[in-house]
Amino acid sequence: MGLGGCIILIAVGAILTFATDWKMEGLNVTVAGLVMMVVGLIGVAAFTSVARRRRAVAPPVAQTAVVDPKRERKGY
């Protein structure tokens with residue numbers, strides 16, 4: 001599940017928790033929304049930690065200077 005899926009879980013969970021007043025037999029919609037928000041937050045945290053490891057900065061490669069004898073400045 002990517003970052004978009006986690007954000008959708010958080011949004012749907014918030015809608016179920018705060019914007020609905022449905023009553024269902026055997027399912028508390030408010031608790032289901034809270035569970036969805038928590039799972040979404042855990043997913044965002046896991047995604048960002050994995051993405052941070054992927055973006056590790058590689059050490060710069062030593063480059064040798066190329067000197068063109070035709071363009072070399074003469075010391076005046």
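Is valine 31 buried or exposed, or does it lie in between? Valine 31 is partly exposed, with a relative accessible area of 43%. On this scale, buried means under 20% relative accessible area, exposed means over 50%, and partly exposed is anything in between (1.4 Å probe, protein chains only).

Before going further, a word on the model. This is a predicted model, in which local features need pLDDT of at least 70 and side-chain atom pairs count only at pLDDT 80 or more, while totals for chains, interfaces and linings use all residues. Residues are numbered from 1 along each chain as its sequence is written, and side-chain values use heavy atoms, with hydrogens and water left out.

**The chain as a whole**

The chain has two helices and zero strands. Helices (H or I, at least four residues) and strands (E, at least two) are DSSP runs, numbered from the N terminus. Of the 76 residues in the chain, 14% count as buried. The chain exposes about 6800 Å², and carbon and sulfur atoms supply 65% of that area. Accessible areas come from the Shrake-Rupley method with a 1.4 Å probe, and for residues only the protein chains shown count as cover. Contact means heavy atoms within 4.5 Å. Among contacts between residues at least 6 apart in sequence, 52% join residues at least 24 apart.

**Helix α1**

Helix α1 covers residues 3–18. Its 16 residues, at 1.5 Å a residue, should span 22 Å, and the end C-alpha atoms are 22 Å apart, which agrees. The expected span is 1.5 Å times one less than the number of residues.

Which residues of α1 are buried? They are Cys6, Leu9, Gly13, Leu16 and Thr17. Seen down the axis of α1, these buried residues fall within an arc of 95°, so they line one face of the helix. The arc is that of the directions from the helix axis to the C-beta atoms. An α-helix has 3.6 residues a turn, so residues three or four places apart point the same way. The face of α1 turned away from the buried side carries the exposed residues Ile8 and Phe18.

At 17% relative accessibility, leucine 16 counts as buried. Leaving aside neighbours within four places in sequence, leucine 16 is in contact with Trp22, Val29, Thr30, Gly33 and Met36.

**Pairs to find in the structure**

| Pair | Apart along the chain | C-alpha to C-alpha distance |
|---|---|---|
| Leucine 16 and valine 29 | 13 residues | 6.3 Å |
| Valine 31 and glycine 13 | 18 residues | 9.1 Å |
| Valine 12 and glycine 40 | 28 residues | 9.8 Å |
| Glycine 4 and valine 44 | 40 residues | 9.1 Å |

Glycine 4 counts as partly exposed at 40% relative accessibility, and valine 12 counts as partly exposed at 35%.

**Back to valine 31**

Valine 31 lies in helix α2 (residues 29–54). Together, Met1, Val31, Val35 and Val39 make a nonpolar surface patch of about 370 Å². Patches are made of residues with over 30% relative accessible area and no salt bridge; like charges are joined within 9 Å, and nonpolar side chains (Val, Leu, Ile, Met, Phe, Trp, Tyr) within 5 Å. A salt bridge is a side-chain nitrogen of Lys or Arg within 4 Å of a carboxyl oxygen of Asp or Glu.
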